[in-house]
2 protein chains.
Amino acid sequence: MLFERIAFIGIGLIGSSLARVIRRDGLCGHITVCARFQETLDKVVELDLADTVTNDPAEAVADADLVMICTPMGAYGAIADAISGNLKDGAIVSDVGSVKQSAIDSLAPKLPKTIHLVPGHPIAGTEHSGPESGFAELFVDRWCILTPATGTNEAATEKVAELWRKAGMMIEVMDAEHHDQVLGITSHLPHLIAYTIVGTATDLEDDLKQEVIKFSASGFRDFTRIAASDPVMWRDIFLQNKDAVLDILGRFNEDLTAMQRAIRRGEGDTLEDMFSRTRKIRRSVIDAKQD
Amino acid sequence: MLFERIAFIGIGLIGSSLARVIRRDGLCGHITVCARFQETLDKVVELDLADTVTNDPAEAVADADLVMICTPMGAYGAIADAISGNLKDGAIVSDVGSVKQSAIDSLAPKLPKTIHLVPGHPIAGTEHSGPESGFAELFVDRWCILTPATGTNEAATEKVAELWRKAGMMIEVMDAEHHDQVLGITSHLPHLIAYTIVGTATDLEDDLKQEVIKFSASGFRDFTRIAASDPVMWRDIFLQNKDAVLDILGRFNEDLTAMQRAIRRGEGDTLEDMFSRTRKIRRSVIDAKQD
């Protein structure tokens with residue numbers, strides 16, 4: 001057993017998948033789940049993911065050795081306010097949010113000095129959301145990035161790492177700001193682009209839109225999957241990683257303008273060169289077993 | 001048997017998949033494959049996809065009832081020049097290219113009046129290319145668009161339609177220009193965007209690029225698959241569907257700028273609204289069984 005008691009604050013796709021792993025492997029003695037809506041709590045009970053449920057974060061964290069925050073990131077500040085007075089001495093607070101510097105900024109100043117803050121980001125997911133969408137195998141062979149501040153208790157970081165390893169993940173520890181830059185490129189920009197292109201199609205006249213759906217297997221389909229991700233979660237990600245997203249978006253825009261220019265001017269060689277270079281990255285992704 | 005003799009001019013993923021269907025179901029008595037490179041012809045023989053092979057288009061089409069052009073679109077003009085003097089009276093010429101108005105413009109003026117031109121576009125594919133990548137099931141439950149000019153022999157159109165139906169496809173007949181507009185949105189823009197974003201990552205410093213590959217499962221990965229498509233084929237598509245691509249790219253750019261503005265100004269409601277609307281399209285794609 002890794003922990004005596006684990007409290008989940010919020011439980012969607014990621015949280016419920018982790019709870020399934022914990023249940024499956026008996027990694028803790030007691031799971032408490034806190035969610036705002038009774039509907040979510042009912043679902044959690046139905047799925048047998050918790051020993052106790054509550055809509056009160058302060059009640060949820062009392063006696064917990066590990067508090068795992070799994071809400072949209074915009075809620076972090078209010079959660080820190082609600083739980084800080086009720087945390088057990090030496091408890092670990094972790095999270096699964098997609099932006100790490102803002103997670104630290106929202107949580108660290110409000111937590112008591114006896115608490116170990118180990119922010120985390122399991123890089124796994126599907127386009128589905130909610131506790132009913134989770135499954136224990138979601139994390140297998142994927143990376144989990146932990147971004148503890150310098151000086152964080154190493155045993156605490158190691159316990160969180162071990163939890164994710166039990167879920168099948170590989171662990172990487174890095175600086176929060178660097179995490180946000182890398183994920184801005186690999187995750188936030190691709191989602192922004194997918195949301196935009198599907199939005200562009202949404203604005204088409206109705207007849208044309210129906211045809212776009214009908215013939216979506218030609219490429220568009222893959223973008224609709226990405227653009228079906230949870231709207232509130234993604235709203236918060238873009239607001240909280242604004243600088244890194246705008247920076248990489250600027251580079252993307254320059255490159256898109258160059259592509260547009262090559263098409264307008266009929267520069268076939270330029271296009272072929274660009275399209276040949278991108279094949280190599282696909283090969284690297286496959287070699288890294290991330291395809 | 002649908003045809004006595006079929007000639008393939010060029011044979012990559014699409015052509016070889018169709019040849020496999022024809023072989024499997026005995027849809028013709030004789031297949032000739034023409035390709036420029038001996039290596040391709042050797043592969044075709046090894047895969048047993050042809051009864052005869054040649055690198056001479058004029059030789060390939062002699063006596064053929066159906067000539068199926070499966071090369072990159074940039075080669076169409078030269079192919080029409082090479083075959084026009086050797087086509088059998090009443091033969092059908094078809095193709096599988098992704099842009100239809102330019103296919104007609106390249107082929108129609110050069111073909112004898114006795115020939116039935118039935119341009120086609122089977123909307124199916126993978127990121128792999130070459131005859132060894134083909135498989136007979138590629139087309140099942142996908143759409144094939146045919147764009148015969150007004151006045152084209154209906155029996156000829158129906159024979160081509162029947163061939164694709166045997167491969168498992170659903171048939172839609174439409175105007176070439178309209179096809180190019182719809183595919184500009186569903187296929188050409190998504191590929192352009194994917195090539196661009198993967199290109200942006202290709203230009204990153206080496207350390208950062210390695211991390212982008214490592215953590216690509218967070219979204220970027222899906223774009224690398226699309227951006228691994230055949231460079232020459234896609235060069236030709238953008239050159240030949242320039243107007244439709246630049247038009248939809250203009251709309252996309254406006255929408256991306258609006259998204260960028262909302263992020264910069266921290267307009268959470270705007271972002272959440274946009275991200276919620278795109279979910280509906282995903283639902284429609286799933287309902288249309290194109291996911």
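In the predicted model, both faces of strand β6 of chain B are covered, with His116(B), Val118(B), Gly120(B) and Pro122(B) buried on one side and Leu117(B), Pro119(B) and His121(B) buried on the other; a residue is taken as buried if 20 or more other C-beta atoms, placed from the backbone, lie within 10 Å of its own. The strand, which comprises residues 116-122 of chain B, is accordingly described as mostly covered, seven of its seven residues being buried. Helices (H or I, at least four residues) and strands (E, at least two) are DSSP runs numbered from the N terminus. Residues are numbered from 1 along each chain as its sequence is written, and chains are lettered from A, and ligands numbered from 1, in the order in which they are written. Because the model is predicted, local features need pLDDT of at least 70 and side-chain atom pairs count only at pLDDT 80 or more, whereas totals for chains, interfaces and linings use all residues.

Strand β6(B) pairs in the parallel sense with β5 (residues 92-95) of chain B over four bridges, pairing being assigned if DSSP finds at least two bridges between two strands. Within this pairing, Ser94(B) has Val118(B) as its bridge partner. With β7 (residues 143-146) of chain B, β6(B) pairs in the antiparallel sense over three bridges, and His121(B) stands opposite Ile145(B) of β7(B).

In chain A, eight strands form an open sheet of mixed pairing, in the order β3-β2-β1-β4-β5-β6-β7-β8. Strands β3 (52-54) and β8 (170-173) of chain A stand at the edges, each with a single partner strand, so one side of each is left without a neighbour in the sheet. Strands β1 (residues 3-9) and β4 (residues 66-69) of chain A run parallel and are joined by four bridges, with Leu66(A) in β4(A) as the bridge partner of Ile6(A).

The contact between the chains takes 76 residues from chain A and 76 residues from chain B, two residues being in contact if their C-beta atoms, placed from the backbone, lie within 7 Å. On the side of chain A that touches chain B, α7(A) gives the most, with 18 residues. A rotation of 180° with 0.0 Å of shift along its axis superposes chain A on chain B with an RMSD of 0.0 Å, the superposition being by least squares on the C-alpha atoms of residues with pLDDT of at least 70 in both copies. The two copies are thus related as by a two-fold rotation axis, and the same surface serves both, since 100% of the contact residues of chain A recur in chain B.

Methods. A residue is buried if 20 or more other C-beta atoms lie within 10 Å of its own, exposed if 12 or fewer, and partly exposed in between; C-beta atoms are placed from the backbone.
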